Amino acid sequence: MTPMNQMTPPSSVFVCVHLWRIAVACLAVAFSTAAVTAQAPNEQWRTIDTPHFHVHFAAALEPLARRAGASAERAYANLARDFKAPRGRIDLAITDQGDFSNGFAWVSPSPRVVIYVRPPVNDRTLRFRDDWLDLVIQHEVVHIFHLDRTRGWWRLAQGIFGRQPMLFPNTWAPSWMLEGLAVHYESLYGDGGRLEGFSHVQYANALALDGPLPGIGQWSAATLDFPGAAGAYVFGSLFMRAMADRGGPGSMTRFIERSSARVNPFAFNGDARRAFGVSFTAQYAAWRDSLVRAVRAQPPFSGRALTDARWYKRFPRVAPDGRVLYVASNGRDESGLYALNASLQGPPQRIARRNSLEPNVALGDGRIVFAQSEWTDLWRLRSDLWMREADGREHQLTRGARLFAPDARARDGAVIAVQNMPGTTRLVRVLGDGAITPITPTSLDTNWSAPRWSHAGSRLVATRWVRGGTMSIVVLDTLGAVQRVLAQARATLDNPSWSSDDAAVIFSVNNSGTSSIWLADVGTGRLTPGAAASTSLDTPEAMAGGFVAVETRRGGERLVWSTAFGAPASLTAVPGIADTSPAVAPDGVSGEVQPYRALRQLLPRYWLPDIGTTDENHTRFGGLISGSDIVGRHFYAASLTHEPTRGENEGSVIYRYSGFGMPLVDLAARQQWDHTPVVDNTRGPVGSLLRRRRFIGGSLTLVRPRVRNTALLSGSAEIELRDFSTDPAPLLNALHSPLLLQTLKYPTFSLFASW
């Protein structure tokens, strides 16, 4: 959930405003960003107004949008206790275009939040939550309250230039501060959250264990070190919580108020001393030392490392031939499928590349079934099932089915998978021809994930989350009926795996900050706390004599082998995380559904000064404006400058309409002047020839995006109009050129293709 403080697509287009000839090429560069920030503009969008939000949604998402409106109003009421309210209503878009969990917020040209309504059922840091929609909305609305707050000379500058992106002082804060503050409040006022659920502790422990702990200046969302952009969230949230605890009640509010008016937007330490009683630098030294001592005092992990620790390694699966398959992303190559030999000795072998870090399940005949994401059009990213044949050929089994986390039955290859539905997930059976049969009901209050066949193929085990934060490891029959709940707690319980004799299930538990492996006896229900590490153990895969799991270390994740389980115990429950927030029943706003109207969002909210020189070194003065709506259906950018010596105006305007889906329609016009000295027979200057050039054109663009490549085809037409005058004016007739006395027209047609 990353905050977006500036309008990324417009900034890409500004480069092209004065260069229409290459505008299509520039726009092609912007497509990768536009696909993320635009929200399927060709859908039938609707709007419901609440006291503080305009909730925009595709027509099919109305039930979810009403819940989102209620969640947003709760978040607003919570935050209004600590923050000054943002200016104006907030535009909130609810979209289901991507099979990923995310959201973002920005405040220029107006406060806007976009929420992707895919629940985070397989995100390590977001699995613990009372209500996932409340959680993500709370986080993004924090960004709006924080970033919109502007005082002092910043507010005066906004009075002149409007909501110009660079005039919001808190947008200059480092990413760890922005995200740390949002996670702090997401956990303080939201239900669940990454601090309440301890999901960030495992990463901090991993880096502290192997040391040295990164300094504050290294907690960047742009870092190339593990855990990448997540580091800003991990260290920022834990450190901002420590600062708030040090400063006491009201200290965070004082800090935000001071930071919203500081003249130097990078001078954070002085504000921290006055708000928290300690500078960031001093508090970091104490916090770092405490964390390192606590982690290194824990007993070391007794397992054996099978791979190096580099970025991400996920979902080990035992193949029928004894190999262990897993997916990995090492930060250098494309994500890929790897295999360890049956003896778990020697280096891993890279088998194939992958678009997604999803399980790969080997069948008895050498085929491998897996899930990966692919773009179905410029706006929609969908996850589907694929098959790798024994000869290495790969083909797609389903199209647009939104399936992930597959598992295959050993005896006949029958596939069970998780299917994304708007705002929730369910378990489905998938036949060889791609036909899908749901086996669990669809509910916004229940999510399913991580299904696994028993070795005998007569039962399933899966993870179930229900609203309120309770997660369960559940045994089901082949038709989806629940047979037994093996473990249940208000904590993170996930990724179950059957023992080789189907008598037990092992699974991961995080209820204290360090994930560990537990074992459940399927017959008796007896629970045994199992292996643990100083950092975390996750996604276990049972094998004869032990299990393979994923351990987090400083350089990333690695596969480890362990035989360690605790002594047989008589536990009947996994300890849960205390619930300190009152229960909130699911509800929805009752506003009237209205047609989506973009005009209000397109009104200019700011302008940028534009000062330059002509070819005669005269100064031009003017400005730039731009605007777009939250779903990305409309975008425009315009500039106008005036040169007072000759009274000449130059300007340009670009407009894009994306409401058709494909093609994208671009219209553009611009005017410019140039000047040529005129000399007499003695080569003495007698005046200047003034040429005014006006361009009017348009283009139609088709884009075919894929995860690994993008194809683009664009056709454009443009007409150039040329008029001439002279200074002094009578000089025009003295030049004796009939062409200079008329408007010349030059049409141009072009075709642009790229791959």
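Predicted model: local features only at pLDDT ≥ 70, side-chain atom pairs only at ≥ 80, totals over all residues.
A search of the whole structure finds 49 salt bridges.

| Pair | N to O distance |
|---|---|
| Arg-87 and Asp-148 | 3.3 Å |
| Arg-258 and Asp-271 | 3.6 Å |
| Arg-262 and Asp-271 | 2.9 Å |

Take the salt bridge between Arg-87 and Asp-148. This pair links distant parts of the chain, 61 residues apart. Arg-87 sits in the loop between α3 (62–79) and β3 (90–95). Asp-148 belongs to helix α4 (residues 132–148). Arg-87 is partly exposed, at 26% relative accessible area. Asp-148 is buried, at 3%.

Now turn to Asp-271. Arg-258 forms a salt bridge with Asp-271. The two are 13 residues apart, with Arg-258 in helix α9 and Asp-271 in helix α10. Arg-258 is partly exposed, with 37% relative accessibility. Asp-271 has a relative accessible area of 7%, so it counts as buried, the cut-off being under 20%. Arg-262 also forms a salt bridge with Asp-271. Both Arg-262 and Asp-271 are buried.

Ser-260 lies in the loop between α9 (251–259) and α10 (268–276). Is Ser-260 buried or exposed? Ser-260 is buried, with a relative accessible area of 0%. Beyond its neighbours within four places in sequence, Ser-260 is in contact with Arg-149, Thr-150, Arg-151, Trp-154, Pro-169 and Asn-170.

Terms used:
Residues numbered from 1 in each chain as written. Heavy atoms only, no water. Helix = DSSP H or I, 4+ residues; strand = E, 2+ residues; numbered from the N terminus. Buried < 20%, exposed > 50% of the residue type's maximum accessible area, 1.4 Å probe, protein only. Contact = heavy atoms within 4.5 Å. Salt bridge = Lys/Arg side-chain N within 4 Å of Asp/Glu carboxyl O.
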